[in-house]
Amino acid sequence: MGGKTLINLLLLLLITGAHSEVTFNFENQCTYTIWLAASPSIGDADPESGPGTLELFSMPDQWSGSIWARTNCAYNVSYFSCETGDCGSGSIDCQSPPPTYPVTLLNFDIKQSVVSYEVSLNHGHNLAVRIQPDGGSLLGGTGLCPVVDCIEDVSNVCPGSLVAKNKDGRYVGCYSACDGLKDPKYCCTGNYSSPQACQPNEYSQKFKQLCKLAHTYPHDNDPPVYRCSRATSYNITFCPS
């Protein structure tokens, strides 16, 4: 076990005073460094993750929120910022604010050994991700806990109106239709807030064709948000091969 992994595990045990039943294995298979972030914070004291890094992280027994990867981060004098996933804190730790979109979100709800999980493109896409439970079974004993992911290159189908670019004009991500076009029809707000009125749209369908296991609009329930019981760990891979 590496020093970073051991420190994270010890810190969390000191904070909670107990052993968590849920372990997340964060692996960076990208060819570049990423910086992990979460809202609310999971207490990661060293979020920087270089290519090939594997980090084992003992999660709180009760936690509900989002995890994502920040990309192309750097200090400008003393202010830390990222091209995607920035959380506006100005420091390397996010301190729990939501990210700047577009960003691929991994949403979890942890209640002891029962974990709900999904990959969400509801606020766009900035890199490929996969969640793969190790063992466990779906709550109710209906089978093994499935993999969910979005591993294809979304830039291939991202409409020009939704392309996010950096200051040099280079593609860095793809906005969701809601965040890019600000239309209640795509955001499923106002008259479109009910499940009956909130339907797939031309943009969410493009993303769904590439990432069938991810949720691409607010009321997307295909696949459902899985609830997994007693998995040994959850393997979370960024840029899975």
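Start by selecting S116, which touches N107, F108, D109, V225, Y226 and R227, leaving aside residues up to four places away in sequence. Contact here means heavy atoms within 4.5 Å. S116 sits in strand β8 (residues 114-120). Helices (H or I, at least four residues) and strands (E, at least two) are DSSP runs, numbered from the N terminus. The relative accessible area of S116 is 12%, so S116 is buried. Buried means under 20% relative accessible area, exposed means over 50%, and partly exposed is in between (1.4 Å probe, protein chains only).

Before moving on, note that this is a predicted model, in which local features need pLDDT of at least 70 and side-chain atom pairs count only at pLDDT 80 or more, while totals for chains, interfaces and linings use all residues. Residues are numbered from 1 along each chain as its sequence is written, and side-chain values use heavy atoms, with hydrogens and water left out.

**Strand β9 and its partners**

Select residues 129-134, which make up strand β9. Two strands pair if DSSP finds at least two bridges between them. Strand β9 pairs with β11 (residues 148-150) in the antiparallel sense, over 3 bridges. In this pairing, look for V129 opposite C150. Strand β9 is also joined to β15 (residues 233-238), again antiparallel, by 6 bridges. Here R130 stands opposite T237.

**Helix α4**

Next, select residues 202-210, helix α4, where Y203, S204, F207 and K208 are buried. Looking down the axis of α4, you will find the buried residues within an arc of 135°, so they line one face of the helix. The arc is taken from the directions from the helix axis to the C-beta atoms. These buried residues pack against β13 (171-174), α2 (177-181) and α3 (184-187).

**Disulfides**

A disulfide is a covalent bond between the sulfur atoms of two cysteines. The criterion used is a pair of cysteine sulfur atoms within 2.5 Å.

- Select C73 and C82, whose sulfur atoms are 2.0 Å apart. The torsion about their S-S bond is about 105°, so this disulfide is right-handed. C73 is buried at 11% relative accessible area, and C82 is buried at 10%.
- Select C87 and C94, with sulfur atoms 2.0 Å apart. This link is left-handed, with -95° about the S-S bond. C87 and C94 are buried.
- Select C145 and C228, with sulfur atoms 2.0 Å apart. This link is right-handed, with 90° about the S-S bond. C145 lies in the loop between β10 (137-138) and β11, and C228 in strand β14 (residues 226-229), so the pair ties together parts that are 83 residues apart in sequence. Both cysteines, C145 and C228, are buried.

**Backbone details in the loops**

Select S39 and P40: the peptide bond joining them is cis, with omega about 0°. P40 is in the loop between β2 (34-39) and β3 (48-49). Then go to Y101 and P102, where the peptide bond is also cis, with omega near 10°. P102 is in the loop between β6 (79-84) and β7 (105-111).

V77 has a positive phi, near 60°. V77 lies in the loop between β5 (62-76) and β6 and is exposed at 81% relative accessibility. Q112 has a positive phi near 55°. Q112 is in the loop between β7 and β8 and is partly exposed at 34% relative accessibility.
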